[in-house]
Amino acid sequence: IFFRTMQGTQTESLDWLNALVAHLWPHIDPAATDLVKTVIEPEIQKNVPSLLKSIHFNRFSLGSVPPRVVSIRTVSRVEDSVTLHLDILYEGDPDISISFAGVHVGIKELVLKGCMTVTLRPLIPQIPVAGAVTVSFANTPTLDFNFSGAANVADLPFVGRVIRNVVSDVVSDLLVLPNMMTVKLAQDAPGVGDIFSRSYIEPWVVKLTMAEGSDLKNADAGLKCFLKPHDKSDPYAIVRLGAQTRTTPAIKDSKNPVWNECYDFLVHSDDQLVEITLYDEDCGNDDLLGTATVKVTDLFNEGEAWADVSYGGRVRVEGAFSTLKSDAALLADAGSPQAVLAALVDQAYGLPTEGLGQAAVRVTVAGQERTTKAVPLWIQVPVPTEEDDEEVTFVPKAVPNPEWEQALEFLMDDPGAHTVKLEVVADGSTVLGEASFPLSDVLEAEGLVLRQRVPLDNAAAEGSELLVSLKLYALTPATPEDVPARNFDSEVSTGFEWLSMLLKVLWPHIDGAAEKLLKETILPEVNAQIPMGVTVSCTKFGLESTPLSLDNFVVTTADNSVRLDLDVTFEGPVDIELAVSMATVGVSKIKFNGQLSILMKPLIDRIPVIGAVQVYFLNLPLVDFEFSGVAGVLDWPVVGKTVRQVVNTQLQQLLVLPNRMPVQLSTDTAARNMFWALYEPPLGVMRVTIQEAKGIKNVDAGLFSFVNLDSSDAFCMVALGDSTFTTTTCNNSLDPVWEDQTFEFVVCAQGQRLVVNMYDDDTSNTDDFLGRAQVTAGELIEGKDMWLPIVGGGGELHVLATWHPLSGDKELLSSIPEDSTDNTALVTVLVDKATGLPTEGFKAAVVKVTVGPDDEALQATKTTLSKPLNKTVVKADQEVVEPVPDPDWEAGLQFLVRSLEGLTVKCEVLADSELVGTCTYAVADLLDSGKATEKTLSFSRSFPLETEHMTYQGAALSVRIVLAGLAPE
């Protein structure tokens, strides 16, 4: 926990974020319904009085009005974390019906308000920058609603209060600190350590005294009778801090009660409040006397605080804070030292599942018992149907190694005198195994941390184990000096500044991730392409202090998907040194600009609502570098050009349409293969002819005037999506005309841009830039014949285009002539994953795909990016190397073909250039067995790899082949 003295607030336009929530709401509503029926309803039934045990939801819908993010109040960073605080407001039109004991009531006018915290922790210097993201509420959100069916409810006045309190408690147990929802983003990342343990937030402890009340409301005035001889309230207080609750005794017949009751609370955030609810104790329904709140920060700074009560009067609370220290010497002092034990319950292994539903872990120590959330021992997974390899049905799959990743905390005296008992419990009562050991083992462990896989005694299944981390902390009185200074805590003003501040906080870690990308991905490709004998390495790397700029957020919706588009810009000084053989070349500035798209698809009616996210650039971003160390660059001019080309190629292959970076968020989707399900066929193929230019820039004037060769020698680099072509050079002309310069581009979206960069061809120096012409595919498809201005050099460029939409019509495909000289069809090979590859002695694997007839002159070959066959992971805080025999590429390779006659797709899997095996498919078979859509025919299969190497037997490659004809314009 970290206290601060300044709180930044903001009320800003968040239209784009709320538009995103609104688009997702039709799927969030049924997901919430599923959560209520499977999680919340059973918890309510466990916690209500016996009269209400039959309570259940007949109907549950949150209606059509989505919640809103009202403001993002602050962005803060302490140590290796970033936290966003979002004020959430839901004022909905729900349709909820509840039944209990023969009574039917409805809920309407539901209002929920609260501050949600989203924390990225730990921050790491590699993609994805954060090891995990946690979502929680620092304080219990305000939940209010009205009942319909009032006549029935009026007969049971305590029902409303019971339901409100129980629902509030259930929400607290799920998402109010210390409870949270955690999603790991970096699994066992080398150099990171255990993500779950590093995500744990160490609390402080406050000994809170509920001291007294003054001039409280008198709820019993005039009620004096033989049952109640006095006519003043009998006040008691329910004190809540986060998900922790304590209740004072009632003080009889007093408007000025003195409780002086002391309670220990764990404090996990300086945004937390001490929430006090006062009641008058009665024989029947207790009357509400009001509510009051005290900021934890005020209590820390002042030691006590008076707070106004909503119905009149005041209350006083006192607080003495202690901080936690991992110091064994403090726990070895004489007497009974106070300590906090954090039991971080991670995962079980080898549990039985047959006939069981859910499992939880119960931890008992020092007479206190805590239980984790229950997680399923069975899940539904998709499998292909016998009728269609691409259609699926759901079948149950056992989960013998469930994960909880939950911290349970215990406050105790004299920890060395206690024993920890761990029990894995199924369905609330069946013990699947247990383990016990003294806390003295933790006291003797290095750093007071004991992390181990504990064998379970009396286990229902032999060999069952539980992975748990136990951390002990000593309590010492807190002083202002114990409060660490925040690295970043600033008021957020307007617009997108909160996002800019977030990037500023993340920037040092983005810097580290960029350095890793440069050294491990980009430079190896540079060294593979530059002349033999020249090597490039990075000796220094720093992106300085200028972070990325994000702007122009646009949210659009389509069938079962939502897309967020935004502009990404970076233009700033950098401090990068490259060693080029024996010379040092500096990079002093980088420019980057592009439109990033984040496609959320498919949308599902279950948590997490979004099945997968795809990240891509619609067009190749503009990337440029300014080099220092000019003498070194002049000695090797090819290096600068090669670096630019490699960066562009890497971007194209990774993130420029049709290539995308998919991140699967849910396995609970109606798709056997998420990668195949995410595939969207292109719109069509555009044939572009670079015809001529007029009035281009002359960069050769006067160089060869004596032979009348003093005009530019122009050539064009023509790019769209991940394809780039180069024209021939038209020598010595300011009005160049090119012959037979027609290129074909696969168009995935009409917003994709055709970009033509024109250069002067110099044989002895770097080619001079003559300008750029560009136009969107949609504009060119409609215009067909266009003169485009050449920006940055002057003149015009004449471009022609013809358009061919894709078609899956079998008649069209069957009529393709065998001797066609033009491309007539598009073959897309979706390479998913391999299984059973050799790993020992190998580093990485690629898939080389060749499409064409037997004539090698008509064949085309493309290769996926390499994937590692071994990876370094962290286990028990130790880095170990694990084999990866089943690498996944999730790559789509496209081939334009002239004829289907004798056309085959050949896939070769290579491990460090050694052939592992091949598989071949005749494309013409798609006409008979392919699954047809309006645009494509497709066939999916896990192909056995044919190999002559005995040790490679059994390897296979999952591939989907998609065929589409080019229809006439």
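Visitor: Which side chains meet glutamate 744 and arginine 687 in a salt bridge, and what is the N to O distance?

Guide: A salt bridge is read from the separation of a side-chain nitrogen and a carboxyl oxygen, the limit being 4 Å. In this predicted model, the side chains of glutamate 744 and arginine 687 meet each other at 2.4 Å, N to O. The pair links distant parts of the chain, with glutamate 744 in strand 39 (residues 742–747) and arginine 687 in strand 36 (residues 684–694), 57 residues apart.

Visitor: Is glutamate 744 buried or exposed?

Guide: The cut-off for a buried residue is a relative accessible area under 20%. Glutamate 744 has 17% and is therefore buried. Arginine 687 also counts as buried, because its relative accessibility is 15%.

Visitor: Where in the chain do glutamate 908 and lysine 848 lie?

Guide: The side chains of these two residues form a salt bridge at 3.6 Å, N to O. This pair, too, links distant parts of the chain: glutamate 908 belongs to strand 51 (residues 904–911) and lysine 848 to strand 45 (residues 844–852), 60 residues apart. Glutamate 908 is buried, since its relative accessible area is 12%, whereas lysine 848, with 29%, is partly exposed.

Visitor: Which residues does threonine 918 contact, leaving aside its neighbours within four places in sequence?

Guide: For threonine 918 the list consists of Lys906, Cys907, Glu908, Pro944, Leu945 and Glu946. Threonine 918 itself sits in strand 52 (residues 914–922), and it counts as buried because its relative accessibility is 14%. Glu908 in that list is the residue whose side chain meets lysine 848 in a salt bridge.

Visitor: How far apart are the closest N and O atoms of arginine 563 and aspartate 565?

Guide: They are 2.9 Å apart, and the two residues form a salt bridge. Arginine 563 is partly exposed, because its relative accessible area is 29%; aspartate 565, with 7%, is buried.

Visitor: How many salt bridges does the structure hold, and which residues are linked in a network?

Guide: The total is 19 salt bridges. Glu212, Glu304, Arg316 and Glu318 are linked in a network of such bridges.

Visitor: How is a strand pairing read, taking strand 24 and strand 25 as the case?

Guide: One considers the direction of the strands and the bridges between them. Strand 24 (residues 419–426) and strand 25 (residues 430–438) run antiparallel and are joined by eight bridges. Within this pairing, valine 424 stands opposite glycine 433 of strand 25. The hairpin has three residues between the strands, and there aspartate 427 takes a positive phi near 55°.

Visitor: Which residues form a nonpolar patch on the surface?

Guide: Met181, Val183 and Leu185 do so, and together they have about 250 Å² of accessible area. Valine 183 lies in strand 8 (residues 181–184) and is partly exposed, because its relative accessible area is 43%.

Visitor: What does the chain as a whole show, in secondary structure, burial and contacts?

Guide: The secondary structure comes to 14 helices and 55 strands. Of the 969 residues, 50% count as buried. Among contacts with a separation of 6 or more, 67% are between residues 24 or more positions apart. The chain exposes about 43,900 Å², of which carbon and sulfur atoms supply 51%.

How values were computed
Residues numbered from 1 in each chain as written. Predicted model: local features only at pLDDT ≥ 70, side-chain atom pairs only at ≥ 80, totals over all residues. Heavy atoms only, no water. Helix = DSSP H or I, 4+ residues; strand = E, 2+ residues; numbered from the N terminus. Buried < 20%, exposed > 50% of the residue type's maximum accessible area, 1.4 Å probe, protein only. Contact = heavy atoms within 4.5 Å. Patch = residues over 30% accessible without salt bridge, like charges linked within 9 Å, V, L, I, M, F, W, Y side chains within 5 Å. Areas by Shrake-Rupley, 256 points an atom, 1.4 Å probe, with all protein chains shown as cover. Pairing = 2+ DSSP bridges.
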